[in-house]
Every structure is written in C-alpha cells, then in structure tokens.
Amino acid sequence: MQRAKRLLVTGQGKSSMAAATLDADDAGPQQVWPKQTWPPRAAVISWIFFDWAAQPYFTLITTFVFAPYFATHVASDPAEGQALWGLATAAAGLMIALMSPVLGAITDASGRRKPWIAAFGALLVLGSCSMWFARPGDASVIPLLLLAYAVATIGVEFATVFNNAMMPTLVPQERIGSLSGTGWATGYAGGILSLILVLGFCAADPGTGRTLFGLMPLFGLDPVTHQGDRITGPLTGIWFIIFVLPMFLLTPDYPARLPVREALRAGLVELRQTLAELPKQRSMAAFLLANMIYTDGLVSLFAFGGIYAAGTFGWQTLQIGSFGIILAIAGAFGAWLGGRLDDRLGPKRVIAGSMAILLFSIVAILLVDKDSILFVKVAAPAPGGALFSAAAERAYLVLGCLIGAAGGPLQAASRTLLIRMAPKDRIAQYFGLFALTGKVTSFIGPLLIGAITAVTASQKAGMAVLVLFFVAGLALLARVREE
C-alpha cells in the first residue's frame with residue numbers, strides 16, 4: 001500500500017510555500033544557495049497531487065485487485081502466482097536500485113526534475129494499460145504481464161524519486177514533516193477513491209454479476225472473464241495522466257543548469273565523490289542501510305498482503321477490495337497524524353514507532369488462520385457468508401488496519417529524515433541513493449517469500465521472514481543521529 005501531504009490543504013499556517021532558486025552557473029558542491037522564496041499554495045497542492053495520481057498503481061495493481069487476481073485466476077494456483085509475482089517484483093527492484101543514484105546525480109547536475117517525471121510516468125502508463133490483456137487461465141499472457149508489471153513499477157518508482165527531490169523547494173524545513181505526511185495521506189485518499197470506483201462500478205462477482213454496490217458493471221465489463229479486475233490497469237494509467245497535470249502546470253521546477261551530456265559527466269563525478277565520502281558519514285550510512293532493510297520488508301508486506309489474504313481466507317476481489325478501502329482509510333489517518341508528530345517529535349521517533357507497530361502486527365497475523373486466533377479455535381468463514389463475518393477475518397482486518405496506519409508514517413518520515421540529513425545541492429542524488437537502498441535488496445524480500453512459499457507450499461512460512469527485516473531495521477535506526 002507503496003507510496004504523501006496535508007498541512008497545506010487544511011489552511012493551517014499562512015506562510016507561503018517554497019521554491020529555491022538555484023544558481024545555474026554554480027554546480028559545485030560548495031555552492032551558496034540564494035535566499036529562498038516559497039511558491040504559492042496552489043503550487044504546493046499541485047505537487048501533492050502527484051501522490052494522488054500515482055497511488056492507484058499501488059492500491060489497485062500491486063496490492064488489492066490485480067495482484068490477487070493474477071495469483072488466483074491467471075496463474076495455475078495461488079502459491080505459483082505469489083512466486084511469479086515475487087520474482088517480477090525482484091527484477092524491477094534490482095533495475096531501480098542500479099539506476100537510481102546515477103539518474104539522481106545527473107538530475108542534480110542538469111537541474112530540472114519534470115522531464116524525468118514525464119518520461120518515467122509514460123512507462124507507468126504503458127505498463128499499466130498492458131495489464132488489460134490478463135485473461136483468466138491463459139498461461140500464454142503471463143510473460144507479457146510480468147514484463148508490463150516490471151516496466152510500470154520502474155516507471156512509478158523513478159517518477160517518485162524525482163518528485164520527492166522537489167520537496168525542499170516547497171516549504172521551510174520545519175514543515176517538511178507535515179508536507180510529506182499530507183502527501184502520503186492525499187495519496188491514500190486517491191487510492192481509496194479509485195478502489196471504490198472499481199469495486200462499486202466495475203468489478204463484479206462472477207456468480208451474481210453485480211458489483212459491491214449491487215450494480216451491473218459499467219461499460220458492459222464481463223464478470224466471467226474478470227474484465228472488472230483487468231480494467232484496473234488502463235484506469236491506473238488514465239488516472240495518472242489526469243491528476244499529475246496540475247504538478248506540471250503549476251509547480252515550479254528547478255531551473256535548468258547543464259545540458260544533458262554535460263550533466264552526465266558532472267553528475268557521475270559528483271556521485272563518485274558522494275560515494276567516497278559516505279563511509280565517513282556514519283549516521284547517513286546507518287540510515288540508508290536501515291532504510292534498505294525496513295523498506296524491503298514493508299514493500300514485501302504490501303505486495304503480498306492481498307495475496308496472503310486470498311490464500312488464507314479464500315477472499316475474492318470484492319472482499320480484498322473492501323479490506324483495502326478500510327486499510328487505506330487507516331493509512332490516510334496514520335500518514336496525516338504521522339506528519340504532525342514528525343514536526344513535533346522528529347522523523348526518527350516516528351520511524352521507530354511505526355516499525356514497532358508493524359513488527360507486532362506481522363507476528364500477530366502469523367498467529368491468525370481461518371479457523372484459529374492465537375491458537376484458539378474459532379469458526380471458519382462460511383461460504384457465501386456476510387462480509388468479514390468470521391472472527392478470524394475480523395482479527396485480520398484489525399491487524400491490517402494497524403499495518404496501514406503505520407506504513408504511511410514510516411515512508412513519509414523516512415523521506416523527511418533524508419531531507420534533514422542530505423546536502424541541499426545534492427538532494428536528487430541522495431534521493432537516488434535513498435531509492436537505491438530502498439530497492440537494491442528489494443528483490444530479497446519478494447525472493448525469500450516466493451522461494452520459501454514454493455519450497456514449503458505454505459504462504460504463512462513465506463510471510464514469516466518479514467519479522468527479521470523490521471528487527472534489523474530498528475537496530476540500525478538506533479545508530480542514526482537526526483541532524
């Protein structure tokens with residue numbers, strides 16, 4: 001449930017919002033930044049809408065609708081589907097990890113962020129729209145689907161890197177936490193709305209032919225061939241195009257500094273300098289390493305949460321989607337509250353508290369099965385029963401809400417902490433390193449889940465590995481100094 005911001009839409013704080021102007025002729029690491037002026041509220045809100053535009057990819061595709069549909073109806077069985085999805089996630093994560101620092105360094109040298117956002121946004125749109133061809137039971141489309149998923153994931157993640165790098169020019173540092181948290185909350189709200197649209201008007205139960213709202217699907221979508229599930233791909237692409245436009249039109253970009261060819265050389269030189277200096281910056285190195293580990297755990301948890309529920313309780317799209325709406329509401333509230341706690345307590349404490357909640361929730365989920373809760377036998381879900389009527393389903397729902405409420409603040413506070421620690425003139429480069437550490441081992445979590453699930457034929461055994469990621473993340477975070 002990957003990937004922002006609220007102070008700015010509440011009307012609180014009347015100080016105008018911010019755009020740093022960068023001296024185009026001074027690309028050196030020792031440059032002196034001119035006095036900042038902050039852009040108008042409309043520019044900041046338009047930037048916030050990037051998260052609204054991108055979130056349906058994570059909500060509809062990777063978590064609640066398309067991924068479970070792929071595992072249960074396209075692949076031969078849920079375990080194989082989970083394994084294949086994990087391998088595709090790992091491949092995309094490896095590519096993102098290798099390229100993020102390089103592209104970030106080039107962007108710092110060239111100045112502008114928006115052209116990069118546009119290019120990788122196009123990959124998101126193309127990859128997402130290709131998922132329409134995921135016909136149920138058609139093994140021949142699986143390679144295309146996995147490729148489309150990897151391309152779209154690369155697109156949305158790189159676009160997010162460059163969007164994040166615009167943050168320091170939008171508000172003063174003491175409000176970065178609220179900006180980041182509000183963005184995550186707005187993204188969750190976009191995910192909720194997109195999920196409601198799909199479940200209420202597009203995806204229907206194959207047995208009844210009716211959507212969650214009791215309606216016939218729009219556009220004549222066929223429930224038998226799961227067109228309501230498959231439409232999430234094109235919908236995600238169209239949604240992104242529409243709602244990312246305000247950012248391109250109203251939010252000021254960094255000024256251009258160097259042509260691309262010169263920026264390539266300058267960026268690589270600066271990246272080598274940064275990497276050479278990083279071992280001496282022990283606090284930054286510890287944070288990047290911690291981010292590498294706990295982000296891998298969080299992404300894996302979100303990527304496989306819907307698939308795990310589908311396999312454990314036999315949930316279909318409507319049940320998983322309803323679960324997703326409830327989790328997204330919890331996530332929006334958690335991100336909004338986390339942003340305010342970030343400004344008051346600091347991002348490090350918000351990150352630590354979020355990880356503690358996630359660790360507790362994962363351990364508890366492993367002790368919940370369809371007919372037991374904490375080793376106590378309960379009635380299993382009845383076929384055709386009311387939504388979340390079984391005790392085990394309700395327990396899973398509560399724990400899922402805790403995960404949703406903690407996941408948003410964890411990610412929002414992480415990018416706030418990076419902004420506090422990174423040099424301003426290399427912010428995109430450090431966000432590239434941030435993405436590198438968030439992705440360089442991101443294949444390990446999905447790979448371990450996929451491999452252990454395949455070997456044991458047990459989804460529970462595969463998910464248990466996530467406990468290690470959050471324990472290690474907490475241990476490393478303790479070594480980080482916030483400033």
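Helix α4, residues 78-110, packs against helix α16, residues 444-456, in this predicted model. The two axes lie 8 Å apart and meet at an angle of about 155 degrees. Angles over 145 degrees count as roughly antiparallel, and α4 and α16 are therefore roughly antiparallel to each other. The crossing of α4 past α16 is left-handed.

Now follow the chain to the loop between α4 and α5, where you will find R113. Is this arginine buried or exposed? Its relative accessibility is 1%, and the cut-off for buried is under 20%, so R113 counts as buried. What does R113 touch, leaving aside residues up to four places away in sequence? Its contacts are T107, D108, F162, A165, M166, D253, Y254, I427 and A428.

R230 lies over the face of W132, and the distance to the ring centre is 4.7 Å.

That brings us to the aromatic rings themselves. A pair of aromatic rings is described by the distance of the centres and the angle of the planes. The model has 17 aromatic pairs. One of them joins F287 and F434, with 6.1 Å from centre to centre and 20 degrees between the planes, a stacked arrangement. F287 belongs to helix α11 (residues 282-313) and F434 to helix α15 (residues 427-439), so this pair ties together parts that are 147 residues apart in sequence. Both of these phenylalanines, F287 and F434, are buried.

F434 has another ring partner, F431. How are the rings of F431 and F434 arranged, with centres 5.9 Å apart? Their planes stand at 85 degrees, so this pair is edge-to-face. F431 and F434 are three residues apart in helix α15, which means about one helical turn separates them. F431 is buried, as is F434.

Which residues do ring pairs link into a cluster? They are F66, Y69, F70, W85 and Y149. In this cluster, W85 falls within the residue range of α4, 78-110, the helix where we began.

How values were computed
Residues are numbered from 1 along each chain as its sequence is written. This is a predicted model: local features need pLDDT of at least 70, side-chain atom pairs count only at pLDDT 80 or more; totals for chains, interfaces and linings use all residues. Side-chain values use heavy atoms; hydrogens and water are left out. Rings of Phe, Tyr and Trp (its six-membered ring) pair if their centres lie within 6.5 Å; planes under 30 degrees apart count as stacked, over 60 as edge-to-face and the rest as tilted. Helices (H or I, at least four residues) and strands (E, at least two) are DSSP runs, numbered from the N terminus. Buried means under 20% relative accessible area, exposed over 50%, partly exposed in between (1.4 Å probe, protein chains only). A charge sits over a ring if NZ of Lys or CZ of Arg is within 6 Å of the ring centre and within 35 degrees of the ring normal. Axes are lines fitted to C-alpha atoms, for helices over the stretch in contact, and angles run from 0 to 180 degrees between N-to-C directions. Angles under 35 degrees count as roughly parallel, over 145 as roughly antiparallel, 65 to 115 as roughly perpendicular and the rest as oblique. A crossing is left-handed if the near helix is turned anticlockwise from the far one by less than a right angle, and right-handed if clockwise. Contact means heavy atoms within 4.5 Å.
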